[in-house]
Amino acid sequence: MVLIANNMLVCIIMKISHEKIVVFNYVLKDKNNNVVESTIGSDPVIYLHGSGKVLPVIEEALENKEVEDEVKITVEPKDGYGPVIDDLIQTADIDEFKDLEKVEKGELFQLELDTDEGAQTAIAKIIEVNGNEVKFDMNHPLAGQTITFEITVEEVREATPEELDSELSIESE
C-alpha cells in the first residue's frame, strides 16, 4: 500500500494475515525434483488467507510473508493429499466404461459416487486393463507422495467486503 503524507511517498508493506487476499505462483515438484505442476506463465493462485482453500501447511508457511517473498515447503502425505487408500482402487467390468472413447492404462475419467452426503463426482485413473476387467484408482494423483511447493508471493491486499462473502472465503457445509 502506498500513501502520500506531507508530500512524502510512504510505502506500507502488507504482510499475509487472516482475511487478506493473497496471490501467488508456485512450482510443484515430486520427491525426484520433477516438476508436476506450475502456475508460472499461467494464472496464479488467488485465495483468502484463513479460508481453508489451500493446504493448511501452505497457509501456515505463508503467514506474515509479503510480496516477493519466496517460500519452499516440503509436504509429507499426511499434510498434503493423504496416503494411498487401497479401498479407492477398484475393479469393474469393461462394459461399465462404454461411454469412454478409450479404455486403456493411464486414461482419466469422471464418475459419480453415492455417498452419505449425496452424489459426489470423482476423477479416477485406469491403472490396468486385463481382458474384460478394468482396474482404476480414485485416489488423488499425489496421494502417498512427498511433494515440494516453491512459492513466490505476487500480491497481498485487503479483501473487499464482496470477496469476504464470495467463493474465496470459507464455504458453509
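How many salt bridges does a search of the whole structure find? Seven, where a salt bridge is a side-chain nitrogen of Lys or Arg within 4 Å of a carboxyl oxygen of Asp or Glu. We'll visit some of them on this tour.

**Before you click**

You're looking at a predicted model, in which local features need pLDDT of at least 70 and side-chain atom pairs count only at pLDDT 80 or more, while totals for chains, interfaces and linings use all residues. Residues are numbered from 1 along each chain as its sequence is written, and side-chain values use heavy atoms, with hydrogens and water left out.

**Stop 1: the whole chain**

Start in cartoon view. The protein has 11 strands and two helices; these are DSSP runs, numbered from the N terminus (helices are H or I with at least four residues, strands are E with at least two). Follow the chain from the N terminus and the elements go β-β-β-β-β-α-β-β-β-β-β-β-α. Of the 173 residues, 31% count as buried. Buried means under 20% relative accessible area, exposed means over 50%, and partly exposed is in between, using a 1.4 Å probe and protein chains only.

**Stop 2: the core**

Now select F24, I58, L62, I73, F149 and I151. Of the 21 residues in the largest nonpolar core, these touch the most other members. A nonpolar core here is a set of buried Ala, Val, Leu, Ile, Met, Phe, Trp, Tyr and Cys residues joined through side-chain atoms within 4.5 Å. Color β3 (20-29), α1 (56-62), β6 and β11 (147-158): these are the elements that give two or more residues to this core. Which element gives the most to it? That's β11, with five residues.

**Stop 3: two bridges between β3 and β11**

Keep β3 and β11 on screen and show the side chains of K20 and E158. They form a salt bridge, with the closest N and O atoms 3.2 Å apart. K20 is in strand β3 and E158 in strand β11, so this pair ties together parts that are 138 residues apart in sequence. K20 counts as buried, at 13% relative accessibility, whereas E158 is partly exposed at 43%.

Next, pick K29 and E150. This is another salt bridge, and its closest N and O atoms are 3.4 Å apart. K29 lies in β3 and E150 in β11, so the pair links parts that are 121 residues apart in sequence. Is K29 buried or exposed? K29 counts as buried, at 14% relative accessibility. E150 is partly exposed, with a relative accessible area of 27%.

**Stop 4**

Select E155, R157 and E163, which are linked in a network of salt bridges. Zoom in on R157 and E155: their closest N and O atoms are 3.2 Å apart. R157 is partly exposed at 27% relative accessibility, and E155 is partly exposed too, at 32%.

**Stop 5: a negative patch**

Switch to a surface view and select D93, D95, E96, E128 and E133. Together they make a patch of negative charge on the surface. Patches are made of residues with over 30% relative accessible area and no salt bridge, with like charges joined within 9 Å and nonpolar side chains (Val, Leu, Ile, Met, Phe, Trp, Tyr) within 5 Å. D93 sits in strand β7 (residues 89-93) and is partly exposed, at 36%.

**Stop 6: loops**

Go back to cartoon and look between the strands. I85 is in the loop between β6 (70-75) and β7, and is partly exposed at 41% relative accessible area.

Then find S42, in the loop between β4 (35-38) and β5 (45-48). S42 counts as partly exposed, at 44% relative accessibility.

**Stop 7: two positive phi angles**

What is phi of E19 near? Near 65°, a positive value in a residue other than glycine. E19 is in the loop between β2 (8-11) and β3, and is partly exposed at 37%.

End at N33, in the loop between β3 and β4. Phi of N33 is near 70°, again a positive value in a residue other than glycine. N33 is exposed, with a relative accessible area of 51%.

How values were computed
Accessible areas come from the Shrake-Rupley method with a 1.4 Å probe; for residues, only the protein chains shown count as cover. Lys and Arg count as positive and Asp and Glu as negative; His and the chain ends are not counted. The place of a charge is taken as NZ of Lys, CZ of Arg, CG of Asp or CD of Glu.
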